[in-house]
Amino acid sequence: MENILKGKKVALIDMDGVIYDSMKYHTKAWKRLMDEQGVPCSEEDIYLNEGMTGPAVINLLYNRAFGHGISREKADEMYALKTKYFREIGFNDPMPGTDRMLKALERHGIRRILVTGSSQASLIENINNDYPGAFMPGDRVTALDVTHGKPDPEPYLKGLAIAGVKPEEAIVIENAPLGVRAGKGAGVFTIAVTTGPIPAEAFEREGADSIFPSMPAFANYLDSLSDK
């Protein structure tokens with residue numbers, strides 16, 4: 001495989017499913033919320049729509065089930081409840097292989113910027129403890145910083161602006177099809193790592209430039225570049 005870091009200065013990195021093995025817990029929280037509301041919701045629904053803002057996911061599921069959405073006030077209220085359910089689970093699972101991946105990027109002189117559709121402070125604050133020094137202050141784009149969440153390219157365009165680089169000088173590291181679409185929409189070389197149940201074909205359809213079967217496999221690839 002070619003050196004995908006050649007000419008790159010920055011890595012724009014998703015959080016859920018990349019930094020943390022958190023999607024299984026998000027799925028449980030979403031399922032509990034939607035079951036209470038009588039809205040059909042599968043595990044695949046959550047993985048396929050990962051990266052969208054919480055209210056956007058709620059309206060998507062409501063429209064599919066009932067043919068109409070709900071008010072932003074009601075969607076925000078429901079998403080706050082989903083966040084409460086997620087916090088009650090009380091997990092803290094760094095994704096296996098991610099620490100090696102982040103350190104390999106650092107060795108190659110690649111600046112790391114977090115770009116997440118999440119606004120959950122409990123996750124974002126944990127990064128300082130679980131990955132000390134991985135993301136410098138200010139090198140983070142969250143749902144609170146954008147008007148349009150993924151699959152809109154805005155989050156990754158914000159990341160590029162923070163870094164002050166052109167799209168061709170960056171890579172995106174994602175685990176969700178909509179995140180891949182956002183990265184490609186921003187004009188960035190986009191890497192998909194299949195850490196969840198979504199098959200590689202879904203990422204191919206979104207135009208992922210490179211696909212790895214796991215985070216350890218991606219970390220192994222980055223480590224191999226050190227020997228060249």
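H1 covers residues 23-37 and H3 residues 54-66, and they pack at an angle of about 45° with their axes 12 Å apart. That makes H1 oblique to H3, because angles under 35 degrees count as roughly parallel, over 145 as roughly antiparallel, 65 to 115 as roughly perpendicular and the rest as oblique.

Trp30, Met34 and Gln37 of H1 make the contact with Gly54, Val57, Ile58, Leu61 and Tyr62 of H3 (contact means heavy atoms within 4.5 Å). Helices here are DSSP runs of H or I with at least four residues, and strands are E runs of at least two.

## About the model

This is a predicted model, where local features need pLDDT of at least 70 and side-chain atom pairs count only at pLDDT 80 or more, while totals for chains, interfaces and linings use all residues. Residues are numbered from 1 along each chain as its sequence is written, and side-chain values use heavy atoms, leaving out hydrogens and water.

Now look at H5 (residues 98-107) and H10 (residues 215-225), which pack at an angle of about 25° with axes 8 Å apart. H5 and H10 are therefore roughly parallel to each other. H5 passes H10 in a left-handed crossing.

Glu174 sits in strand S4, residues 170-174. Glu174 is buried, at a relative accessible area of 1% (buried means under 20%, exposed over 50%, partly exposed in between, with a 1.4 Å probe and protein chains only). Among the residues that Glu174 touches are Asp14, Tyr156 and Ile191.

Definitions and conventions
Axes are lines fitted to C-alpha atoms, for helices over the stretch in contact, and angles run from 0 to 180 degrees between N-to-C directions. A crossing is left-handed if the near helix is turned anticlockwise from the far one by less than a right angle, and right-handed if clockwise. Lists of a residue's contacts leave out its neighbours within four places in sequence.
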